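Hello,

Here is the structure we talked about. Please open it first, then read my notes below.

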Amino acid sequence: MDCGLEPRIASEREDAGEVRVIKIKRLIKNSLYSIHDISRMDALKKGEYPRFNMPFELGLDLGCRDFGSGSLKEKICLIMEREKFRYRKVISDLSGNDIKSHNNEPEQLIREVRKWIQANIISDVKSGTKIWRRFNEFAADFEETCDALEIDAQERESMSTVEYIYFVKEWLKYN
Amino acid sequence: MAVKKASKTKKAQMRKKAIRAKIRSTMKVVTTTSPDRVHVISHNKGWAVQREGAVRASKVFPKKDVAVSMAKSLAKKGAASDVVIHNKDGTIQKWDKE
């Protein structure tokens with residue numbers, strides 16, 4: 001968002017009657033650019049099942065580009081993983097793709113995403129160092145705003161991505 | 001039934017609008033860049049002591065506790081009002097206010 005892009009997510013429209021996968025398919029079809037982080041293909045807790053939503057969505061996106069026509073053929077995506085070749089153990093079909101790793105380091109993730117945006121979408125973007133610094137400053141302002149609005153730590157943890165995006169948008173207006 | 005559902009949706013939308021207006025007005029007050037605020041943030045060479053809004057870090061240390069000490073000494077000397085210590089993911093670990 002600090003590079004001037006608008007994130008789209010399936011929960012942006014709160015219509016419980018709409019099937020989630022249909023929302024996702026529509027977003028994929030309408031988005032020229034996409035970022036897939038498949039580093040969270042693990043169970044959240046020991047004994048739970050791993051989660052495969054992200055690789056499933058990545059598959060839909062890659063399929064959309066390959067089987068679609070017109071502008072769908074021009075879709076560009078960034079695939080991110082935790083460690084460089086971990087994905088080979090679980091999704092070996094991706095071996096031919098250029099997958100970037102972030103080592104679970106948010107700063108590295110920002111740098112990789114920024115590099116990809118600069119190469120494919122906007123040539124004149126802020127440096128990774130600047131975006132990381134601004135992200136940290138946002139985190140402080142976010143906490144201060146939440147305190148002022150009496151949004152406690154638990155509520156912050158469970159805040160929807162849509163609401164969080166709204167905080168970011170408002171912050172960017174003044175920074 | 002449909003009318004009841006529609007009024008419920010309208011109420012929810014109004015509530016959402018009111019919350020967003022609150023966020024907007026609070027964010028506007030809170031987000032003023034404060035050069036008196038010093039952040040300790042993760043850096044590719046360790047931990048940086050960074051004044052809010054400054055282009056470059058004041059200093060980078062390999063260890064976080066040393067960076068925190070430096071930031072706190074700035075506050076002691078009166079060169080900073082707040083010291084905001086971040087976690088590795090950017091979230092706030094501790095906030096020392098004047």
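A residue counts as buried when its relative accessible area is under 20%. Cys146(A) has a relative accessibility of 0%, so Cys146(A) is buried. Please keep in mind that this is a predicted model.

Confidence comes next. The predictor gives the complex an ipTM of 0.79 and a pTM of 0.83. For chain B, the mean pLDDT is 85. In that chain, 93% of the residues reach 70 or more.

Now the cysteines. How many disulfides does a search of the whole structure find? Zero, over all chains. Take Cys64(A): the nearest cysteine sulfur belongs to Cys77(A) and is 11 Å away. A disulfide needs two cysteine sulfur atoms within 2.5 Å, so Cys64(A) is in none. Cys64(A) is also buried, at 16% relative accessible area.

Then helix 1 of chain A. Its buried residues include Lys23(A), Ile24(A), Leu27(A) and Ile28(A). An α-helix has 3.6 residues a turn, so residues three or four places apart point the same way. On the other side of helix 1 of chain A, Lys29(A) and Asn30(A) are exposed.

Last, the surface. Val19(A), Val21(A), Ile22(A) and Phe56(A) make a nonpolar patch of about 330 Å². Val19(A) lies in the segment before helix 1 (20-30) of chain A. With a relative accessible area of 47%, Val19(A) is partly exposed.

Best wishes

Technical notes. Residues are numbered from 1 along each chain as its sequence is written. Chains are lettered from A and ligands numbered from 1 in the order in which they are written. This is a predicted model: local features need pLDDT of at least 70, side-chain atom pairs count only at pLDDT 80 or more; totals for chains, interfaces and linings use all residues. Side-chain values use heavy atoms; hydrogens and water are left out. Patches are made of residues with over 30% relative accessible area and no salt bridge: like charges are joined within 9 Å, nonpolar side chains (Val, Leu, Ile, Met, Phe, Trp, Tyr) within 5 Å. Accessible areas come from the Shrake-Rupley method with a 1.4 Å probe; for residues, only the protein chains shown count as cover. A salt bridge is a side-chain nitrogen of Lys or Arg within 4 Å of a carboxyl oxygen of Asp or Glu. Helices (H or I, at least four residues) and strands (E, at least two) are DSSP runs, numbered from the N terminus. Buried means under 20% relative accessible area, exposed over 50%, partly exposed in between (1.4 Å probe, protein chains only). pLDDT is the predictor's confidence in each residue, from 0 to 100.
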